[in-house]
There are 2 protein chains.
Amino acid sequence: MKRERLQHNFSEWFSGILRSADIMETRYPVKGLFVWLPHGLKLRNSVFAIMRGLLEQSGHQEVLFPQLIPENIFRKEAEHIRGFEGQVYWVTHGGRDKLDVKLALRPTSETSIYPMFALWIRSHADLPIKIYQIVNIFRYETKMTKPMIRLREVTTFKEAHTAHAKSEEAEAQVLEAVNIYKRFFDELGVPYVVTKRPPWDTFAGAKYSIAFDTLAPDGRALQIGTVHNLEQNFARVYGLKYEALGGKQHYVYQTCYGVSERVIAAVMMAHGDDVGLCLPPHIAPIQVVIVPIPFKDREVPVEQIATAIKNELAAAGLRVHLDERDLRPGNKFYYWERRGVPLRLEVGPEDVKKEQVTAVRRDTGEKQAIPRGVLKTKVKQLLEGVTGDLRERAWNLFHASIKEAPDTETIKRVIQKRGGIVRAPWCGGKACGEALKEQTGWDLLGEEFDGRAPAGACPICSKRAKVSVLIARTY
Amino acid sequence: MKRERLQHNFSEWFSGILRSADIMETRYPVKGLFVWLPHGLKLRNSVFAIMRGLLEQSGHQEVLFPQLIPENIFRKEAEHIRGFEGQVYWVTHGGRDKLDVKLALRPTSETSIYPMFALWIRSHADLPIKIYQIVNIFRYETKMTKPMIRLREVTTFKEAHTAHAKSEEAEAQVLEAVNIYKRFFDELGVPYVVTKRPPWDTFAGAKYSIAFDTLAPDGRALQIGTVHNLEQNFARVYGLKYEALGGKQHYVYQTCYGVSERVIAAVMMAHGDDVGLCLPPHIAPIQVVIVPIPFKDREVPVEQIATAIKNELAAAGLRVHLDERDLRPGNKFYYWERRGVPLRLEVGPEDVKKEQVTAVRRDTGEKQAIPRGVLKTKVKQLLEGVTGDLRERAWNLFHASIKEAPDTETIKRVIQKRGGIVRAPWCGGKACGEALKEQTGWDLLGEEFDGRAPAGACPICSKRAKVSVLIARTY
C-alpha cells in the first residue's frame with residue numbers, strides 16, 4: 001500500500017476520492033454544505049450503527065429533539081452562549097412574517113434538551129437519565145470549510161446527554177463515555193490519543209473536556225470525539241433539581257459527549273492509500289466484489305459460475321456484488337479498488353477449470369487461489385484478517401508519528417518538520433501551558449489521559465513535570 | 001377492543017397516549033415542535049426500516065442533501081414557490097453577520113436536489129436516477145399544529161426523486177411508487193384509499209398528484225402519502241437535459257413521492273383502543289413482555305423461570321422484555337397494554353407447576369396456556385396471527401366508513417353525521433368538482449385511482465359519470 005500521494009497531497013487525495021468513490025458531491029452551491037452520495041451514506045450508516053449498538057448496550061436511549069431553539073432559552077447559559085454566539089444561524093422569518101422570537105439552528109443541543117429534563121426530573125428515582133440522538137447541527141463557519149471535517153451543516157452528529165444525582169456518578173459517566181469511544185474507534189481501526197483539553201479549549205459551559213484526536217495523513221491532529229463533564233453549570237441555569245431521599249432539593253450533575261461525521265473522514269484517512277479507499281470489511285457497504293473474466297476463445301460458463309458464487313456468499317450473510325458491466329476487467333478492478341472494497345474475487349476460465357476462485361486483497365494486493373469447496377469459510381477468514389491487519393497497520397503508523405521532546409525548540413522543530421504529535425513533560429500549570437503554545441507556535445491537545453508518568457521537567461518553568469502534554473498542529 | 005373513547009374524543013386519546021406510551025413529549029416550548037421519546041423513536045425507526053427495504057429492493061439509492069437552500073435557487077420554479085412561499089422559514093443571519101443570500105429551511109427538497117441532477121445527468125446512460133432521503137423538513141404552519149400530523153418541523157420525511165428519459169417511464173415510475181406505498185401501508189395494516197388529487201390540490205409544480213388517505217378515528221381523512229408526476233416542469237427550470245442517442249438534447253421527465261411521520265400516527269390510530277396502543281408485532285419495539293407473578297406462600301422460582309423464558313425467546317430473535325420491577329402484576333399489565341406490546345406472558349406458581357406459560361393477546365385479551373415445550377413456536381404463531389387480525393380488523397372498520405351517495409345533499413349529510421369517506425359519481429370536470437366541494441362543504445380527495453366504473457350521473461351537471469370521486473372532511 002503506497003501512501004505517498006495521500007501524505008504529500010492529502011487535500012487533493014481527499015477531494016478526489018470523495019467523488020470517485022461515490023462518497024460525497026462537493027458542488028452544492030452553498031459553502032460548507034455537501035451531499036452524501038449512496039456509497040458514502042451506506043458507509044456512514046454502518047459506522048453509526050456500531051455507535052448505536054455501543055450506546056444501547058450501555059443503557060443509553062435514543063431520542064430526537066427539535067432542531068430549532070428559541071433565542072431566550074438558548075441564551076440562558078452565559079458561557080455557553082459566549083462560546084457559540086459567533087457561530088449560530090438564526091431563523092428570523094416564517095413565510096412573510098417576522099418571528100416574535102428568533103430561532104437558532106442548533107449548534108449542539110444542550111439548550112433544547114435540558115429544559116425538557118427539567119420537566120422529567122422530579123425525584124431520585126428519575127435518575128440517571130442517559131439519552132442520545134443522531135442529528136444535523138449547524139455552525140456558521142467563517143474559516144475554510146472541508147467535507148466531513150469543517151462544515152456549516154454537520155449532517156451527522158451523535159450527541160449523548162446524561163443527568164445524575166451525584167458528582168461521582170457524573171465522573172463515572174465520563175469514564176464510561178471515554179471507554180465507549182475507545183471501543184468505537186478500536187472497532188473502526190482509527191488510532192487516537194486521549195487528552196484533557198486545556199482550559200481555553202474546554203467546551204463552553206463545561207467543567208472540563210476530554211477529547212480524542214487522530215492524525216490526518218498530512219500530520220495534523222483531527223479531533224474526532226469529545227466528552228464533557230458539565231458539573232452543575234447547566235442544571236443551575238435550567239433548574240434541573242431532584243428531591244433526594246430526605247426531601248431536600250438538589251441540582252443534578254451532567255455530562256455530554258459527541259462524535260460527528262469526522263469519524264468517517266478518519267476511517268478514510270486511516271486505511272486509504274494512493275489508489276483510493278480501503279475499507280475495513282465490517283463497515284464496507286460492499287465486502288466482496290466478483291469480477292468474471294470471460295475468455296472469447298473458449299466456451300466456459302464464467303458468468304454462470306460467478307452468479308452461483310454470488311448467491312452462495314450472499315446466503316452466508318456477506319455483502320457481495322457481481323460486476324456484470326460490459327467493461328474490461330482491468331477497469332473494473334480499478335473502479336472497485338478506488339471504492340475500497342476489501343476483497344475481489346476473479347472467476348476466469350482457468351479458475352473454472354481448476355474449480356477455484358482467485359481472491360485479491362485490497363489492502364495488500366495479495367493474490368491467492370481458493371478451492372470452490374472452501375470458498376465461504378476462506379472468504380470470511382480473509383475478511384477477518386483484513387480487519388485486523390488494517391487496524392494494526394494504522395496503529396503502527398500512528399505510533400511512529402508520536403515523538404517525545406524535552407524543550408520548546410525541539411517541539412517546534414519536530415512538528416514543523418514532520419507534523420504528528422509531540423509528547424512533552426508539563427507542570428500542568430495554565431500559564432506554562434499558554435507559554436508552551438505561544439513559544440512553539442503549535443496547539444496543545446492537552447494533558448494525556450491515562451498517560452505514563454512523565455520524566456523530566458516542564459520546558460517553561462523547569463519544575464518537575466506532573467503530567468505529559470500532547471502538542472500538534474491541529475485542524 | 002373498545003374504541004369508544006378513541007372515536008368520540010380522538011384528540012384527547014391521542015395526546016394522552018403520546019406521553020403515557022412514551023411516544024412523544026409535547027411540551028417543547030415552540031409551537032409545532034415535539035420530542036420523540038425512546039419508545040416512539042424505536043417505533044418510527046422500525047416503520048421507516050420497512051420503507052427503506054421496499055425502496056432499496058426497487059432500485060432506489062439513499063442519499064442525504066443539505067437542509068439549507070439559497071433563496072435564488074429556491075425561487076426558480078414559479079409555481080413551486082407560489083405553493084410554498086407562505087410556509088418557508090428563512091435563515092437571515094449567521095453569527096452577527098447578515099447573510100448575503102437568505103437560506104430557506106427546506107420545506108421539501110426539489111430545489112436542493114435538482115440543481116445537482118443538472119451536474120449528474122449528461123447522457124442517456126445516466127438515466128434513470130432513483131434516489132431517496134429521510135430527512136427533517138420545515139413548514140411555517142399558521143393553523144393549529146398537532147404532533148406527527150401538522151408540524152413546523154416534520155422530523156421524518158421520506159422523499160424519493162427520479163429522473164427519466166421518456167414520459168412513459170415517468171408514468172411507469174408513478175405506478176411503481178403507488179405500488180410501493182400500497183405494500184408499505186399493507187405491511188403496517190393501515191387502510192387507505194388512493195385518489196388523483198383535484199387540480200387545486202396538486203403539488204406545486206407537478207402535472208398531477210396521486211395521494212393516499214386513511215381515516216382517523218374521528219372520521220376525518222388523513223393524507224399519508226403522495227406521488228407526483230412533475231413532467232418536465234422542474235427539468236426546464238433547472239436545465240436537466242440529457243443527450244439522446246442521436247446527439248439531440250432532451251429535458252428529462254421527473255417524479256417525486258413522499259411519506260412522513262404521519263404514518264406513525266396512522267398506525268397508532270388504526271390499531272389502538274381505549275386502553276392505548278396496540279402495535280403490529282413486526283414493528284413493535286417490544287413484541288413480548290414477560291410478567292412474573294410471584295406468590296408469597298410458596299417457594300416457586302418464577303423469576304428464574306421467567307428469565308429462562310426471556311433468554312429462550314430472545315435467542316429465537318424475538319424482541320422480548322422481562323418486567324422485574326417491584327410493582328403489582330396488575331399495574332404492569334396496564335403499563336404494557338398502554339404501550340401496545342402485542343403479547344404478554346405471565347409466569348405464576350400454577351404455570352410453573354404445570355410447566356406452562358399463560359399468554360395474553362393485547363388485541364383480543366384472549367388468554368391461553370402454552371406448554372413450555374412448544375413456547376417458541378407457539379409465540380411466533382400467535383404474533384403472526386395478531387399481525388393478520390389487526391390488518392383485517394382495520395380494513396373492515398375502514399370499509400364500513402366508506403359510503404356511496406348520489407347527490408350533494410346526501411354527501412353533505414352523511415359526512416356531517418358520521419364522518420368517513422363518501423364515494424360519488426363524477427363527470428370529472430374541474431368546474432363540477434369545485435361545485436361539489438362548495439355545495440357539500442367538504443373536501444374532494446379526488447378521483448378514485450383504479451376505482452370501479454361508477455353508476456349514475458354527476459350530481460352537479462347530471463351528465464353520465466366517468467369516474468368516482470371520494471369526498472371527506474380532511475385534516
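Which strands of chain B does helix 10 (residues 302-315) of chain B lie across? The model examined here is predicted; local features need pLDDT of at least 70, side-chain atom pairs count only at pLDDT 80 or more, and totals for chains, interfaces and linings use all residues. Residues are numbered from 1 along each chain as its sequence is written, while chains are lettered from A and ligands numbered from 1 in the order in which they are written.

Helix 10 of chain B lies across strand 15, strand 16, strand 17 and strand 18 (356-361) of chain B, at about 170° to strand 15. Helices (H or I, at least four residues) and strands (E, at least two) are DSSP runs numbered from the N terminus. Axes are lines fitted to C-alpha atoms, for helices over the stretch in contact, and angles run from 0 to 180 degrees between N-to-C directions. Helix 13 (residues 375-400) of chain B lies across strand 15, strand 17, strand 18 and strand 19 of chain B and runs at about 5° to strand 18.

These strands belong to an open five-stranded sheet of chain B with the order 16-15-17-18-19 and mixed pairing; two strands pair if DSSP finds at least two bridges between them. Strand 16 (320-322) and strand 19 (367-371) of chain B are the edge strands, each with a single partner strand, so one side of each has no neighbour in the sheet. On average, neighbouring strands of this sheet are turned by 25° against each other, direction ignored. Strand 15 (residues 288-292) and strand 17 (residues 343-347) of chain B run parallel and are joined by five bridges, with B:Glu346 of strand 17 as the bridge partner of B:Val291.

Between the chains, 41 residues of chain A are in contact with 41 residues of chain B, contact being defined by C-beta atoms, placed from the backbone, that lie within 7 Å. On the side of chain A that touches chain B, the largest share, six residues, comes from strand 5 of chain A. By class, this side of chain A has 25 nonpolar, 10 polar and six charged residues; Ala, Val, Leu, Ile, Met, Phe, Trp, Tyr, Cys and Pro count as nonpolar, Asp, Glu, Lys and Arg as charged, and the others, Gly among them, as polar. Strand 5 of chain A pairs in the antiparallel sense with strand 5 (residues 89-94) of chain B over five bridges, and B:His93 is the bridge partner of A:Trp90.

Cis peptide bonds join A:Leu127 to A:Pro128 and B:Leu127 to B:Pro128, with omega about -5° in chain A and near -5° in chain B. A:Pro128 is in the loop between helix 6 and strand 7 (129-138) of chain A. A:Glu231, in strand 11 (residues 221-231) of chain A, has a positive phi of about 50° although it is not a glycine.

Methods: Contact = placed C-beta atoms within 7 Å.
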